[in-house]
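Here is a brief report on charged pairs and a surface patch. Take a look at the model first.

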Amino acid sequence: MSQSIEQKLAELRRRNQAAEAGGGPERRERQHKEGKLSARERVELLLDEGTFEELDRLVTHRSTDFNMESQRIPGDGVVSGYGRIDGRTVFVFAQDFTVFGGSLAEANAAKICKVMDRAMQVGAPVIGLNDSGGARIQEGVVSLAGYADIFLRNTLASGVVPQISAIMGPCAGGAVYSPAITDFIVMVQGTSYMFVTGPDVIRTVTHEEVTKEELGGPMTHNVTSGVAHFIAQDDPDCLSLIRELLSFLPANCMEDPPLKLSPDPIDREEAALDTIVPAESDLPYDMRELIRRVVDDGYFFEVHEQFAQNLLVGFARLGGQPVGIVANQPAVLAGTLDINASLKGARFVRFCDCFNIPLVTFEDVPGFLPGTQQEYGGIIKHGAKLLYAFAEATVPKLTVITRKAYGGAYCVMASKHIRTDINYAFPTAEIAVMGPEGAVNILHRRELAGDDAKPLRDAKVEEFKQLFANPYIAAERGYIDEVIQPRQTRRKLITALRMLENKCDTMPPKKHGNIPL
């Protein structure tokens, strides 16, 4: 009897050591040569030192097909559990490419589902470190069922706890849809890629020649498709970025984002803000510089930096309070809204609203980008997504109009009319149906038909600016709460945020709205 127990204990110890070893030193060394950390190294580097508590370390696969019976490696290709980041609980799973290529199977899908279920129960973020060759072919439809089980958890957890995906190796086929549902995706330069169908299939079906990097590399998904939000230079950079991102986020939808006190004075005035917006309405300037001069310590944690650069989104702090920043970028496409910018903004606004992060909008928008490409691509429905996102958001919302606010884009960019709480404008703001030049050309078309009409046109443009394109007309109507000096922006925003600290806004009773997808 005692011998049998001893044998069982010895077997458990052996399996425990095997779980630590993953696919063995040779495969782990191959990972290192490719510039990749092992799954356990990634988890340990991500979490506060010594806080990782592993779950299901001894789980193995259940397949008896294709000689799999003799290949039972404890953990079955995924390391899962929980730990802490900056002292706050998070759940994590890391696919282990050294074990069956990190392929997804029934057993390790159940491990992933377990940590996701537990994360929702206790209200803690979920971080997935993806490095997998895809579904385990030997398990057939069971492995596909595992993916679907994970997709369901991603959907149920959406808006309940933050979900972050790091693509740290291959992620192809059905595997891409789990990260796609999550809130943020980080890709690693040189080692990661994502695509639904690979280059070989594309070559066979469409006869296109494309590399993995061109098809689904980090630059493709950060610059062109917008699927990914961040590019990291290597694994440690990726894990550090995730830690920094989480510092702005609450643990779940029932909590407020964490405060971080700063020595930056609340009443600090920046004289440079008085001149940062050019007097000429057609000259560009860098909105990032304006944002940095307003927020705590000049720190703006930008999201989706490489995608749709005519709109800036990201996180900052004002008086220690995390806020989501949405801003037109006059230095790119004059700050116009196009399809990609609308999608980028809508997704970010809805995330902030899910997790109680106040929204601060800096507006300088001449309108929506014109052209057949935009119209055929559906700018109407895509622009409506950004409008919908701002209108449904119930978090504190503040807007600062720095210069142009023309036409429908004025309405969309968190105007007073879609429940924005406080709307400020600089004296340089121009709020009108369209720009003065365009308006004058329509209103005085016949008078300005001659070749010598330039002096009259200039006079009419100036008259239009005085009568319509200034912030005081909107302020008289209550659409602008106050016309402020630019140097006052920081103090005004922080004061307004504190006033809105206990804001309570509601939506009409319904199952859910029908955003124009």
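## Basis

This is a predicted model: local features need pLDDT of at least 70, side-chain atom pairs count only at pLDDT 80 or more, and totals for chains, interfaces and linings use all residues. Numbering starts from 1 along each chain as its sequence is written, and side-chain values use heavy atoms, without hydrogens and water.

## Salt bridges

The structure holds 25 salt bridges (a side-chain nitrogen of Lys or Arg within 4 Å of a carboxyl oxygen of Asp or Glu). D131 and K36 form one, at 3.1 Å from N to O. D131 sits in the loop between β4 (126-130) and α5 (141-157) and K36 in the loop between α2 (25-33) and α3 (39-46), so the pair ties together parts 95 residues apart in sequence. Both residues, D131 and K36, are buried (under 20% relative accessible area; exposed is over 50%, partly exposed in between, with a 1.4 Å probe and protein chains only).

D364 and R403 also pair, at 3.1 Å from N to O. D364 is in strand β13 (residues 359-365) and R403 in strand β14 (residues 397-406), so this bridge links parts 39 residues apart in sequence. Strands here are DSSP runs (E, at least two residues); helices are H or I runs of at least four, and both are numbered from the N terminus. D364 and R403 are buried.

R203 and E209 have their closest N and O atoms 3.0 Å apart. R203 is partly exposed at 32%; E209 is exposed at 61%.

A salt-bridge network links D264, R268, E270, E289, R293, D296 and R490.
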